[in-house]
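The sequence and model are shown first.

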Amino acid sequence: MIQLSTIDLAQLYDLLQPITVSNTSSNVKFANWSQTFTCSPLAIFEPETEYHCELILELARREGRVVRAVGVGHSPNDLACTTGYMLRTTKLNRLLEIHADKRYVIAQAGITLDALHAELANNGLAMINVGSISDQTLGGIVTTATHGTGINYGVISTHVMGLSLLLADGSRVFCSRHERPDLFIASICGLGSTGLILTVTLEVEPAFRLKEVQQSVKFHECVRSLDSLVTASEHVRFWWFPAADTVRIFSADRTAEPPKPAGSWLWDSFVGFHVVQFLLFVARYILSLNNVTCRFASWLASTKVTTIDDSFRIFNLDCRYHQHTTEWAIPYANTKACLRDLHDWIGQELSDPEGLRPHWPIEVRFSDSDDIWLSPSNGRKTCWIGIVQFKPYGFDVPYKKLFERFEAILYRHGGRPHWAKPHHLRPETLRRLYPQFDHFIRVLHAVDSRGMFRNEYVERHIFGKTGPEYDDRVFKRRALSQ
C-alpha cells in the first residue's frame with residue numbers, strides 16, 4: 001500500500017479513477033429517495049476499502065474540498081447534498097465481527113439495515129429497536145440519531161458502543177464512552193461533520209418476535225388515555241387520520257408465541273395502494289377529495305389486527321409513495337396539549353373551503369431521554385410527531401404553508417426538529433434548544449478546523465452561514481409553494 005505522503009497529485013487521481021463515478025453515468029447526480037433534493041457533486045466516489053477512503057480525504061485536503069458521506073440517501077432534506085466531493089458508503093457494507101455472547105457486533109457504516117437484519121438473524125440476533133424504514137445505512141441512522149418507538153427505548157444511537165472514524169487529518173481513531181468520549185457523543189448525532197464513520201460497534205440482543213395489535217379509536221379517546229396507551233406496551237405508535245378524526249394504535253411487545261403473519265387485505269392490496277394513490281392524484285385538483293380519501297384510508301385500516309413476526313418486520317412499515325415530510329420532537333409531558341392544539345388547527349383548516357388539506361397519517365412515536373448532545377431526545381422523554389404530503393405518481397403537492405403552521409405549533413410546545421428532515425432553525429435558535437450545542441461546536445473545531453466535512457447543510461444550520469449558496473432551497477427541486 002503506497003504511503004499517502006509519497007503520492008503526487010497525478011498518481012492520486014489515477015488511484016481514485018476506478019472508484020470514481022463516470023461523468024457519463026446516470027449516477028453522476030444525486031437525488032434523495034423522496035426526489036425532493038438533488039445535487040451535482042464535483043465528483044462522486046464509491047470506495048470499497050478504508051484505503052480508498054484515505055485517498056479521497058487526501059485529495060480533499062490537498063485541494064481544499066468538502067467531502068460528504070452519503071448512504072442510500074433516504075433523508076428527506078438536503079443533509080446529504082454537496083457541491084464538493086461525495087463519498088458513497090454503500091460498498092463498505094460488511095458485518096465484520098459477531099460477539100453473540102457479549103451481545104454486540106461490529107459492522108461497516110455503509111451496511112443497510114435490511115442487510116444487517118439478515119446477517120443478525122442468521123446468527124440468532126436482532127437490533128434492539130428499529131425505525132420505520134430499513135432501506136438506510138447504519139452510519140446514516142447513527143449520525144442523525146434516528147429513532148424507533150418505545151417510551152423506555154432510546155434513539156438508535158443509544159445502542160452504539162463505539163465508532164471508528166477517519167478524521168480530516170487522515171488519522172484513524174476509535175471512540176466510545178470511555179475513549180475520546182467527547183468525540184463519541186458528538187459523533188453519534190454528528191450530522192456527518194466530525195469525521196467519516198468507518199465502523200459501528202452496536203449493541204444487539206437475541207433474535208425475538210413481536211406481537212403487534214392494531215386497533216382504531218376516536219382522536220379524543222386516544223388523547224384522554226394517552227399515558228396508559230403509551231406505557232401499556234413496549235413499542236407504541238399512533239397513526240392519526242385527521243379528516244376521519246380517528247387514530248390507529250399500534251402496540252407491540254416481545255413474545256415467544258409462534259409467528260402469525262397478518263395484515264389488512266384491503267390496505268395492503270390493489271385498493272390500499274393504487275386506488276388511494278389515484279385519489280391523491282385527483283385531489284391535487286379537487287381539494288375536497290383529500291378529506292374523502294383520508295376517511296377512506298382510515299376505513300381500510302379500521303379492523304382490529306394481531307400480527308406476530310420477526311421484530312424488524314413488525315418495526316418496519318411501507319412508506320408507499322414519495323413524499324414531503326417534517327417531524328419534530330417535543331417533551332413527552334407536552335404531548336396531550338400539543339395534539340389538542342394540532343387538532344384545533346387542522347379542524348379550522350378542514351372547515352374552511354379555502355383551507356389547507358393535510359395528508360395522512362400524522363405519525364406519533366415515542367422515545368426515552370438520552371445524553372447525546374444534539375439528540376432531539378436529549379434530557380427528556382420524547383414524543384415525535386411527523387406530518388407528510390404525498391407526491392402521487394411523483395407529482396408535487398402544496399406543502400410549505402401546511403408545514404410552516406405545523407412547525408409553529410410544535411416549536412411552541414418545545415419542539416426540536418428531526419435532523420434528517422427539513423427545518424429552518426439556525427444556530428441562535430438551536431443553541432437555546434440544545435444546552436451542549438457549543439460543546440459540539442468546540443469538538444468540530446478541534447477535529448476539523450478547516451471544515452472538510454461541513455457541507456451546505458452543516459454550514460447553514462450549525463455555523464449560521466448565509467448567502468445564496470447556503471439557502472434552504474439551494475438543492476431543492478421545483479415544488480408547489482402553497
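Because E363 lies in strand β18 and R237 in strand β14 (residues 235-241), the pair ties together parts that are 126 residues apart in sequence. Helices (H or I, at least four residues) and strands (E, at least two) are DSSP runs, numbered from the N terminus. R237 is likewise buried, at 5% relative accessible area. A network of salt bridges links R237, E327, E363, R365 and K421.

The model is predicted: local features need pLDDT of at least 70 and side-chain atom pairs count only at pLDDT 80 or more, whereas totals for chains, interfaces and linings use all residues. Residues are numbered from 1 along each chain as its sequence is written, and side-chain values use heavy atoms, with hydrogens and water left out.

## Other salt bridges

The count of salt bridges comes to 25. One of them joins D371 to R177, with 2.9 Å between the closest N and O atoms. D371 is in the loop between β18 (362-367) and β19 (382-390), and R177 is in the loop between β10 and α5 (181-187), 194 residues apart. Both are partly exposed: D371 has a relative accessible area of 42%, and R177 one of 40%.

R405 and E349 also meet through their side chains in a salt bridge (2.8 Å, N to O). This pair links helix α13 (residues 400-412), which holds R405, to helix α12 (residues 335-351), which holds E349, across 56 residues. R405 is partly exposed at 37% relative accessibility, whereas E349 is buried at 8%.

## The surroundings of E456

E456 belongs to helix α16 (residues 456-461) and is buried, at 9% relative accessibility. Leaving aside residues up to four places away in sequence, E456 touches C81, T82, T83, E469, Y470 and F475 (contact: heavy atoms within 4.5 Å). C81 is 375 residues from E456 in sequence, yet their C-alpha atoms are 7.5 Å apart.

Strands β9 (residues 160-166) and β10 (residues 172-176) run antiparallel and are joined by five bridges; pairing requires at least two bridges found by DSSP. L165 has V173 in β10 as its bridge partner. Five residues lie between the strands of this hairpin, in which G170 takes a positive phi near 95°.

How values were computed: Buried < 20%, exposed > 50% of the residue type's maximum accessible area, 1.4 Å probe, protein only. Salt bridge = Lys/Arg side-chain N within 4 Å of Asp/Glu carboxyl O.
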